[in-house]
Every structure is written in C-alpha cells, then in structure tokens.
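This report describes one protein chain for a reader who is new to structural analysis. Please keep the sequence and the structure in view while reading.

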Amino acid sequence: KMATGGPGASSGSAASAAAAAAAAAAAAAAANQGDEAASLGSPEDPSRSQCTSPFAVEDTHALMQDFDQLSIAKKSSMCSGSTPDPKKTKVTVQRPGEVKAVMCGPVPVKKSKKTDQDAVKEIQRCREDNDSRLDLSKCQIAALPGCIKDLAANLTELYLYSNKLVSLPMEIGHLFGLEILMLQENSLTNLPDTLASCSRLRLLDVRHNKLCEIPPVIFKLTSLTHLLLRFNRIREVEDDLRQLTKLQILSLRENKIRSLPALDSLQELVTLDVSHNNLVELPDNIGLCLQLTTLNLQHNELKSLPESIGCLRSLQHLGLRYNHLKQVPKSLANCGLLDEFNLEGNNLETLPDSVLMNLNRLTSITLSRNYFKAFPGGGPQQFISVQTLNLDHNQVNKIPFGIFSRAASLTKLNMRDNLLTALPPDFSSWTSLVELNLGTNQLARLPEDVEKLVQLEVLVLSNNQLKRLPSTIRNLAKLRVLDLEENQLEALPSEIGYVKSLQRLIVQSNRLQYLPRAIGMLSHLVYLAIGENDLHSLPTEIGSLAKLESLYLNDNVNLHNLPVELASCQSLQIMSIENCPLSHIPAEIVAGGPSLVIQYLKIQGPYCQF
C-alpha cells in the first residue's frame, strides 16, 4: 500500500551528610533539562527498595547541569541549514511488505498510588523498622498525616515530591534530625513556622510550587547548604537571606524577581542560579562571593554588570544570554577559568579588547543576535583555543584578514545573517573547519580555493548571490551537507558527483534548468531539494540514488515529465511535486498525488513485475 501524508517536514551524621550531598546533586541535575523546560521529572528509580536513596550521582559535575545551559551544545546546529517551504505537499511512500514501527521492550510498571490512609501505614511501617528514610513521593497525598511526628527519633530523609500538598502539618517540626526534605511539584503556598525546629536541615527542595514569597521560616534554617526554589511565583528576596551563611547552592530560577539583596555574607556559595527572572541589576558586592563557580543570569533584564564581577576568579560557568546588556566590564577578563563565553541576545556593539584576549581557556564564543558591526578588537590572540565561534545575526560586513591565523582548533564558524560581501584572501587557511555557515549574507562568489577546507562536513551558503559553484568543490571529500538555497545558480558543476559523502543537497529557489548526470554518483544522498527552479527534466541517473528518502521537486513550472528510473529509488519516503505540470503523465495519475505517480512510473518502466 502507498500511504500519503500531509505537509510538514541511613543513620549516622556522616552517612546523612553523604546522602544529603548525593540527593542535592541529583536534584540539581534533574532540575533543568533546558531553558524551555516547563516542568521537571523528580528523580526516582521505581525498582529501588524503601531503604535505598532514590538518587544516583555519577560525579559532582552533574550538579552544574541543573543551573546553566551555557554550553553551546544547545546552540542551534549549523547542520540544519535552511529547508524548503514547509507548506509544500509531502508524500510518504510505504513500500509493499513494510510494517509500521512498534514499541519494543518491557511495559513500564506504574507505581501504585497510595491514599492518605496508605501514608499513615507507611509512617507506621517506617517507625516499626526504625528507618531513617521515608519516601511518599508520587502518592497523590493531599495532606501529610500528623503522625509524622512519631518518626522524630530516626528520620533524616523525607521525600514528598509530586503529590497534592497545599500545606504541611505543624507536627513536621518534631523531626529534629531531618536533613533532607524534598517537597517539589506540589501546590504549597507557605511552610509552617515549626519547620524552624528542624535545625539540621541541609537540603530543602521546594521547586515547582506556588510560593509567592520565600517563607520566613526558611531564613531560620541556618544549616541549609542547598536551597532550591525554582519555578515558583517569588517576586522579592528579603535581606534575611544573609542569615543562610552555609549556603552552597541557591536556585531561584524561573520566578519573578527584580532585585537581589546583599550577598556578601554568602561566602560559601558555589552555585547561584537566578536565570529566567526580571532582574534589572546585580548587587555591587556580588564580587565578594569568591567561591562561586557557576553564576546563571540568563533571560533577565540586566543592562549592565558590576565591575566587582571580575573578582570571581573561580567562576567557570557564566550565563548572560538574553539580557539587555550594552556593555560588559573590562574586569571580566580576570575570570580566567571560563571555557564558554555566551552573550547571545543582548544589545552589544563591541567588547573591551582585553576580555576575549585574556580568557585564554575559552573553547566556545557566542555573540549571536547583537549589534556587532565588526569582529571584537582582540585580534588573532582571542581565538587561540576557540573551537566554536558564533557571530550570526549581527551586522558584520567584513572578516579581517588573518583573524583566524592562530585559531588552529576552530572547527565551527557561524556567520549567518550578517552583511558579508566577500571572504578574506586567507579563506583557504581555515583548514580546521568542520562546519561553516555563511548563509544570509551578500556573497557573490565562493573562492576556488574552498577545496583547501578538506575537513569541511557542513557548508551553508543559502540566501546569498552566488551565480556559480566552483568545480573545486569536488575535493571536499568529507562534505555531508551542502546548502545553496536561494541563490542565483543556473547550473551545478558535474564535479558535484565526486562529493561522495554528500547526504543533503539543497538547491531550492535558484535558476537551475537541469541537473548534471553526475548527480547519480551521490550514493549516500538522502535529501535532495531542487524545488522552485526552472527544471525541464531530471536525468535518468537519479534512479541510482538508492538511499534517497526525501525529494522536493515542487514549483518547477516547466517540468512536464519524470524519468521512469525515479521509481527505482527504493528508499524514497517523501516527494513533493506541487505546482509541477507533469503534462506527460495522465492527469488523473498526477491528481492522485506523488504516491500514485511513483506507482505509474513503476508500471511504465522496465522495472514492472507484471
């Protein structure tokens, strides 16, 4: 059958301390799966026994993954290039004998739901067994029974996440030995004052609740080392925060906070996450938090940074994306342990010359979506250790000669959406590049010595003014993606057939009248977009593309026929023929869509089995 589809391409203080650290690290690592995450899954292994910790930590670095998405790993891949108009009709071809994929493996076992009465039983069992840990997570508990006080003698860990709690009972204050309290994913609007009696509490997780303020009782829990308040409705942070002098990790991410109090008393703070708030400024004494290694400030309304930020010499991760910064302080050059520098989505026109030049451990620089008209002024020195440079969506009109003369490690360069009219004479010296994105500029010519970029796997040149592709393209033996959409190409060189690694070829929206017969030599080609051109025919060699899965022919108004060899593309799944006349094929066949056209070509050609 041929299916058609629509458009769309434990006891003891030492043990408890270890458990607290492990739980905190895992909670933090689970807290963030990306900037756009609206909710989080609470870490849990359904198969564990009641006496084992629900968290497993491989290493302490997992903790940092919660608070920052600074890594350019999340930056948009240049591999994607540009794609044809998603409104074009696409057809899925299901070959005879093919079976739809089905889910394999064991059926997940759902954790049984306990009632409030079941919670009472669990508390009784925990008391009888003298357990130090009670897990009532994901039990749909609406109210924690007051008999929780019966566990005062031994309980050190209490897990109540993912329930329906709107409050906690006063009796929770009887749990004097409690060190870990996990309350995330409930509907709490406050915490009882009696919680202050839990003087040993080290980890408090109240993420994803309905707090409109930080409950005052929290400031009395002076043993806290980890305080997680992400995704609430908090608008203000009180000066009493200074009482929590043992804090190591503080997460206030995704609230509505406009300012922070003085932080100078938080001398042990290692991670501070206040991203996705409404911050307009930072306290000047932020530089006194000398132990900070992670500072996440992205997605706020910051217009400037205090000079004291340069005192944070232990800083390894700094998130500044999507603020309103017009400048950054020169003192930032003192943060020499940074390996990533991401200022995407600000209002910057320039950087102090010394900043990038002195941050000699940087492997990734992202200055996308700002107002740069030229490269930062630090010269070649600033890119010595850089592997990835993103300067896309700016107003740069020139790449300086020799700017990458010391960038021996540079593998990814993204200059998309700028004002480039030409490439520098030393373009051929960028031999370490693996991905190069020059899309949406004003380039009229691709230098012949592009052949020297022998490591290149992705080349994006879409939306420029190219009229020809140099024949030397044949020497790019590793090239997998070539995007030439929206240029002025009238032909492709026959040498394109020698780019044997090519998997995606995009020449949509050009002026092509034909394809070279050598197109059939691209044995690894999976995606071919040649729509919106002036093609009159397709070469019969197209039938040799055994791995071709997607073929876009749409809007070739002079394409009246298709070669019968096309039917031999056995991997073909999607084909677009919208606005192609195909007058040499019966109208009723064309009206039936691409699936029927493929069947027709089969019957017409020598491949017919009848």
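The sections below treat the overall chain, its core, its salt bridges, its surface charge and its backbone angles.

## Basis of the model

The model is predicted, so local features need a pLDDT of at least 70 and side-chain atom pairs count only at pLDDT 80 or more, while totals for chains, interfaces and linings use all residues. Residues are numbered from 1 along each chain as its sequence is written, and side-chain values use heavy atoms, with hydrogens and water left out.

## Overall chain

The chain contains 6 helices and 20 strands. These elements are DSSP runs numbered from the N terminus, with helices (H or I) of at least four residues and strands (E) of at least two. Of the 610 residues in the chain, 54% are buried. Buried means under 20% relative accessible area, exposed means over 50%, and partly exposed lies in between, with a 1.4 Å probe and protein chains only.

The accessible surface of the chain is about 25,900 Å², and carbon and sulfur atoms account for 50% of this area. Accessible areas come from the Shrake-Rupley method with a 1.4 Å probe; for residues, only the protein chains shown count as cover.

## Nonpolar core

In soluble globular proteins, nonpolar side chains tend to be buried together. A nonpolar core is a set of buried Ala, Val, Leu, Ile, Met, Phe, Trp, Tyr and Cys residues joined through side-chain atoms within 4.5 Å. The largest such core here has 151 residues, and L204 and F404 have the most contacts inside it. Helices α3 (116-128), α4 (353-358) and α6 (594-604) each supply at least two residues of this core. The largest share, 4 residues, comes from α6.

## Salt bridges

Side chains of opposite charge can pair when their charged atoms come close. A salt bridge is a side-chain nitrogen of Lys or Arg within 4 Å of a carboxyl oxygen of Asp or Glu, and by this rule there are 16 salt bridges. One of them joins E122 and R125 at 3.5 Å, N to O. These two residues are about one helical turn apart, because they are separated by 3 residues in helix α3. E122 and R125 also belong to a network of salt bridges with D129 and D131.

R133 and D135 meet in a salt bridge of 3.6 Å, N to O. R133 is buried at 4% relative accessible area, and D135 is buried at 1%. The C-alpha atom of R133 is 4.7 Å from that of E157, although the two residues are 24 residues apart along the chain. E157 lies in strand β2 (residues 157-159).

## Surface charge

Which residues gather in a patch of negative charge on the surface? They are E213, E236, D239 and D240. D239 is found in the loop between β5 (226-228) and β6 (249-251), and D239 is exposed at 55% relative accessible area.

A patch of positive charge on the surface consists of K210, R233, R235 and K256. R235 is found in the loop between β5 and β6 and counts as exposed at 56% relative accessibility. Patches are made of residues with over 30% relative accessible area and no salt bridge, with like charges joined within 9 Å and nonpolar side chains (Val, Leu, Ile, Met, Phe, Trp, Tyr) within 5 Å. Lys and Arg count as positive and Asp and Glu as negative, whereas His and the chain ends are not counted. The place of a charge is taken as NZ of Lys, CZ of Arg, CG of Asp or CD of Glu.

## Backbone angles

Most residues other than glycine have a negative phi. H276, however, has a positive phi near 60°.
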